[in-house]
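Here is a short tour of one protein model, written for someone who likes to look at the coordinates alongside the text. Have the viewer open and follow along.

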Amino acid sequence: MLRENLQDVERRVTAACARAGRSRDEVLLVAVSKTKPVGMIEEIYGEGVRDFGENHPQEIREKFPQLPTDTRWHMIGHLQTNKIKYIIDRACMVHSVDSFHLAEAISKAAVKSRRIMPVLIEVNMAGEASKFGVTPEETEALIRQIAPLPGIHVEGLMTIAPYTENPEENRTYFREMKKLNVDIGAKNIDNVCMRHLSMGMTGDYEVAIEEGATMVRVGTGIFGERSYAR
């Protein structure tokens, strides 16, 4: 079942790229494995997927030693400063930086670990009270504040669009994200490379790709419904 799910997602990603006149290589599929057992992740790994997304730092810490060393773990959920220690030497990227306070804490941990952590700035494009992220208007100023920090490198933006039965309803948000990403990139801010746009999930990743996503985060579409039993 997982193989068939992955193949279906892959077909949809490829078709969305084609509709947008983009190469399939321009979009990274991040399999969101939060709450999923290692056995299921190993099955998807066996199908060639190397990038997995987790919401909770503790899950990255637990799963990291159980998967091959070329597995790339993406921290996609809200990150508390006291949990950075769990992911600083394990995650390949943090998608969810939404404050200078968090960026500064990541910077200090990265310097201590002698690494540079790629980060994305989380933007609450739809202005939902239930979501984390900075407003579009605050984004450039935050990036300029973060850019000089050692051990951290801003590589683009991330958003979580509203849940909707009709993915077309999120097209405007994705289009605005793309414009914001391009506009900030054009400023040529030192130590900033706006090459990534992490947007689109199981319900709307095809629309996100059509509007410029370079990373899509698909969990349910690959692994099935999540189990919250811990």
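## Overall fold

This is a predicted model, and its secondary structure comes to 9 helices and 8 strands. The radius of gyration is 17 Å, in agreement with the value near 17 Å that a compact globule of 230 residues would have. Along the principal axes, the C-alpha trace spans about 45 × 40 × 35 Å.

Of the 230 residues, 50% are buried. Contacts between residues at least 6 apart in sequence join residues at least 24 apart in 60% of cases.

## Surface and charge

The accessible surface comes to about 10900 Å², and carbon and sulfur atoms account for 50% of that area. As for charge, the protein carries 30 positive and 33 negative side chains. The centres of these two sets lie 5 Å apart.

After α2 comes Gly48, with a positive phi near 105°.

Is Trp73 buried or exposed? Its relative accessibility is 1%, so Trp73 counts as buried; the cut-off for buried is under 20%.

Leaving aside residues up to four places away in sequence, Trp73 touches Ser33, Ile41, Phe52, Glu54, Ile60, Lys63, Phe64, Leu67, Arg90, Ala91, Cys92 and Met93.

Ser107 is located in helix α5, residues 100–112. With a relative accessibility of 4%, Ser107 counts as buried. Apart from residues up to four places away in sequence, Ser107 touches Leu149, Pro150 and Ile152.

Helix α6 covers residues 136–146, and its buried residues are Thr139, Leu142, Ile143 and Ile146. They share one side of α6, because the arc they cover around the axis is only 100°. What covers these residues includes helices α5 and α7 (171–185), along with strands β4 (91–97), β5 (117–122), β6 (152–158) and β7 (192–198).

Most residues other than glycine have a negative phi. That makes a backbone check of the following two residues worth a moment.

Where is Asn188? Asn188 lies in the loop between α7 and β7, and its phi is positive, about 50°, although Asn188 is not a glycine. At 62% relative accessibility, Asn188 counts as exposed. Asn191 also lies in the loop between α7 and β7, and its phi is near 65°, again a positive value in a residue other than glycine. Asn191 is partly exposed, with a relative accessible area of 36%.

Key:
Residues numbered from 1 in each chain as written. Predicted model: local features only at pLDDT ≥ 70, side-chain atom pairs only at ≥ 80, totals over all residues. Heavy atoms only, no water. Helix = DSSP H or I, 4+ residues; strand = E, 2+ residues; numbered from the N terminus. Rg over C-alpha atoms; globule rule 2.2 N^0.38 Å. Buried < 20%, exposed > 50% of the residue type's maximum accessible area, 1.4 Å probe, protein only. Contact = heavy atoms within 4.5 Å. Areas by Shrake-Rupley, 256 points an atom, 1.4 Å probe, with all protein chains shown as cover. Lys, Arg positive; Asp, Glu negative; His and termini not counted. Charge placed at Lys NZ, Arg CZ, Asp CG, Glu CD. Arc of directions from axis to C-beta.
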